[in-house]
Amino acid sequence: MQNPLEKILIDQINAHGPLSLGRFMGSALGHPDYGYYMTRDPFGVEGDFTTAPEISQMFGEMIGAWVVDTWRQFGEPQLNLVECGPGRGTLMADILRVASKVEGFLSATSIYLMEMSPVLKQAQKSALHQYDVTWVNQLDDVQGSVPCIVIGNEFLDALPVEHLTRTEQGWKQAFVGFNEDRFEQVLQKPESGLVDILPSKTESHQTYEVSPERNAFIDQCSSRIAQDGGAGLFVDYGYIRRYHGNTIQAVRAHKKVDVYQNVGLCDITAHVDFDALCDIAQKHCSVSPVITQREFLRHIGIEHRAKVLRKVAQSSDDIDVALKRLIDVDQMGDLFKVMMFYAEINRS
Ligand code: SAH
């Protein structure tokens, strides 16, 4: 039995041939009626996966401290604060709880959320009901030419990737076909432009992931920041040195599952190639070296914050467990990376 999204995808494949892996991933997550994010709130113990802001308020508080510090370094200007893929709105709520204690911040700031899911927009509305928030579909919809700070946690990993493999017959791209009763991968000639965005050195018989959507997003984001001044900060799991291999994974109820089964009912993500994104951001902005989540959170002072919270928390064990999950190298500390880029405000 196929679910309604699977039926739609099979019809498309029958009519037009196999779908590129990226389009398959894009539909599985974002199909307007049946896409994974469009139909549910996937977070937490009862859901499919948990993210850093959902683990502890300390994560958002540290990002909030970074936002305030960045705003101050720019001279406390009028600001557009934009979060991409805000999930339940927890990260923004934690950021604003910290930042609203800083005189002048809230009155200087317009808050934007870029979110595609109607279900998650509702969750964000209730998490942020006391603030004046504008929802946008894309960065270009953010109004005004004041400096902007654009952030995202686990947003980039949800944007589709394509797979290219170097074979004896040259580069081949992964597509998804349907054979009798199952989706399966087929290799075909690459679509135009994809081979151009591969790393400069590649090995034969290896598969490389490229993401035109992420590249386009970071290009747009960093050029907007270059134009209006400001900064970008993106946290995600990924790698720093360019790398080969398939990092696509599907998750349901906290377990890894088959990407080609129960399409639209599981989360699908792929590790972020931070080198590729830094190369693009560098065309427009100053890019800081990518650091680990552990380095970032410790630098901002998460251990100090944990000490304060332990004194007021009902159980200091909970704080210790959350801190370990966020910063330990065998938990999220190393795998998750932080990418930051900046551009001066043009005061002319
Ligand atoms: N930042 C949140 C949620 C991460 S899950 C957290 O850390 O908990 C990914 C989020 O990105 C979801 O809110 C999803 O709906 C959103 N999203 C994915 N692709 C998107 C796109 N193309 N445009 C806007 N939002 C998107």
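Start by selecting Lys-283: at 58% relative accessibility, this residue counts as exposed. Here, exposed means over 50% relative accessible area, buried means under 20%, and partly exposed is in between (1.4 Å probe, protein chains only). Before you click on, know that this is a predicted model, where local features need pLDDT of at least 70, side-chain atom pairs count only at pLDDT 80 or more, and totals for chains, interfaces and linings use all residues. Residues are numbered from 1 along each chain as its sequence is written, and side-chain values use heavy atoms, with hydrogens and water left out.

**Stop 1: the partner of Lys-283**

The side chains of Asp-219 and Lys-283 meet in a salt bridge, 3.7 Å from N to O. (A salt bridge is a side-chain nitrogen of Lys or Arg within 4 Å of a carboxyl oxygen of Asp or Glu.) The pair links distant parts of the chain, 64 residues apart: Asp-219 is in helix H8 (residues 212–228), and Lys-283 is in the loop between helix H9 (274–281) and strand E15 (286–287). Those labels are DSSP runs numbered from the N terminus: helices (H or I) have at least four residues and strands (E) at least two. Asp-219 is partly exposed, at 27% relative accessible area.

**Stop 2**

How many salt bridges does the structure hold? There are 12 salt bridges in the structure. Pick Arg-97 and Glu-61 for another one, with the closest N and O atoms 2.8 Å apart. Arg-97 lies in helix H5 (residues 90–99) and Glu-61 in helix H4 (residues 57–73), so this pair ties together parts that are 36 residues apart in sequence. Is Glu-61 buried or exposed? Glu-61 is buried, with a relative accessible area of 5%, while Arg-97 is partly exposed at 33%.

Glu-61, Asp-94, Arg-97 and Arg-305 are linked in a network of salt bridges.

Next, jump to Glu-303 and Arg-298. Their closest N and O atoms are 3.1 Å apart, and the two residues form a salt bridge. Glu-303 counts as partly exposed at 33% relative accessibility, and Arg-298 is partly exposed too, with a relative accessible area of 39%.

**Stop 2: the ligand**

- Glu-115: an N or O atom in its side chain is 2.5 Å from an oxygen atom of the ligand.
- Asn-153: a polar side-chain atom lies 2.7 Å from an oxygen atom of the ligand.
- Gly-87: a polar backbone atom is 3.0 Å from an oxygen atom of the ligand.

**Stop 3: Thr-109**

Thr-109 sits in strand E3 (residues 109–114). At 11% relative accessibility, Thr-109 counts as buried.

**Stop 4: two positive phi values**

Most residues other than glycine have a negative phi. Go to His-205, where phi is near 65 degrees, a positive value in a residue other than glycine. His-205 lies in the loop between strand E8 (182–188) and strand E9 (207–210), and this residue is exposed, with a relative accessible area of 51%.

Then hop to Ala-253, where phi is positive as well, near 50 degrees. Ala-253 is in the loop between strand E11 (249–252) and strand E12 (255–257), and counts as partly exposed at 43% relative accessibility.

**Stop 5: two distances to draw**

Select Pro-32, which is found in the loop between helix H2 (21–30) and helix H3 (52–55) and is exposed at 60% relative accessibility. Draw a line from its C-alpha to that of His-271: the two are 24 Å apart in space and 239 residues apart in sequence.

Finish at Glu-184 in strand E8, partly exposed at 30% relative accessibility. Where Glu-184 and Glu-83 are 101 residues apart along the chain, their C-alpha atoms are separated by 35 Å.

Key. Polar contact = N/O pair within 3.5 Å; in protein donor to acceptor, adjacent residues only side chain to side chain.
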